[in-house]
Amino acid sequence: MIFSIFSVLLKLLLVLLAIVLVLLCLILFIPVRYEIRGEINDPDGSSDFDAQKLLDNSKVHLKVSWLLHFLGVRLDFPGSGKPDLRILWFHPSLKPVSRKQKKNAPSEDKNSSRKRGIYDSIVKKLKAAYRLFRKQRTQRAVRKAAALLRRFAGLLLPRRWNVEGTAGLGDPAAGAKLFEVLGLLYPWTAGHMDIQPEFMLYQFDLHFHAKGKLYLFMVLVLLLEALTDRDIRSLAAKTGALRREEKAPREKRKNGRGAARAAQRGESNV
C-alpha cells in the first residue's frame, strides 16, 4: 500500500518536473519575434520645414509575438497609446495607471529652493561619479559592461530591414552632405536602403520595415556573465551605496517635515 502511494507520488513529481522543463525550454529556446513598420507620407514636400506636419503624417506599428503568435502585443502610433495585448484570440484590456494631480501649486520660493536642491544633487552626483570613475577597477567594469551591451544590441538588431522613399533637406548643400554620409554607410546599408534625393524642398516620403527575433537564453547568458564578473558586481555595489547615501538625508528631511506637521496638528487640536 505504502509502495503504491509512493510510486504514484513519484510519477506525479516526474510529470510536474517534465512540464516545468518543457515550459522552461519553450521560454528560453523559442524566440520572441518583433516587427516594426513606419512611414512618413509627404509626397509633395514644402519649402519650409514643418515638424508638426511630419508628426501628423507619420505612422509607426510595432508588433511583438511569441510561440507562433500564442502571445502578442501590438502598439500603434498615432493611436490610443495603450498596447493591444493578445493571448490566443482573447484581447484582455490593460487599465491605464491613473496619476494623482496636485491640488495646490507650489509657490515661487518652494520652486527656487527645489531647483537649488536639484542643482546641488546633480553636482554631488557628478563629483561622486568622477571619483568613482578614476579607479582602474571601475574603468575595467565600464569596458566590460559596454562590451556586454554591444553584444546585447547585436542580438536585438533586426535581421531584415529596409528603408525606401525620398528625402530632402531643402538645400542642395545639406542634401549633398546627407547623401555623402549615406554613401559612407553603403557597406552596411547595401540592399537595405533605397532613398532618392530631393535637393530643393523639405521632403520626407519614407517607408521603413524591420523584422527580428531574440532568444531569451542568449540574454540569460549575458546576464550570467555580468553577475559573475567581479568588477561589474563591485561597480554595482558602489553605485548602490552612493544611492543609499543620497537617499538617507532625503528621508531624514522628509521624516523631519512629517514630525513638524504632526506637532502643528497637535498644537491646533489643543
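Leu14 sits in helix α1 (residues 2–29); helices here are DSSP runs of H or I with at least four residues, and strands are runs of E with at least two, numbered from the N terminus. The model is predicted, so local features need pLDDT of at least 70 and side-chain atom pairs pLDDT 80 or more, while totals for chains, interfaces and linings use all residues. Residues are numbered from 1 along each chain as its sequence is written, and side-chain values use heavy atoms, without hydrogens and water.

Leu14 also belongs to a nonpolar surface patch of about 690 Å², together with Phe6, Leu10, Leu13, Leu17, Leu21 and Leu24. Patch residues have over 30% relative accessible area and no salt bridge, with nonpolar side chains joined within 5 Å and like charges within 9 Å. Areas follow the Shrake-Rupley method with a 1.4 Å probe; a salt bridge is a Lys or Arg side-chain nitrogen within 4 Å of an Asp or Glu carboxyl oxygen.

Axes are lines fitted to C-alpha atoms over the stretch in contact, with angles from 0 to 180 degrees between N-to-C directions.

| Helix pair | Axes come within | Crossing angle |
|---|---|---|
| α4 (residues 136–156) and α7 (residues 216–228) | 11 Å | roughly 175° |
| α1 and α7 | 6 Å | roughly 85° |

Contact, meaning heavy atoms within 4.5 Å, is made by Ile27, Leu28 and Phe29 of α1 and Leu216, Phe217 and Leu220 of α7.

A cis peptide bond joins Phe77 and Pro78, with omega about -5°. Pro78 lies in the loop between β3 (71–77) and β4 (84–87).
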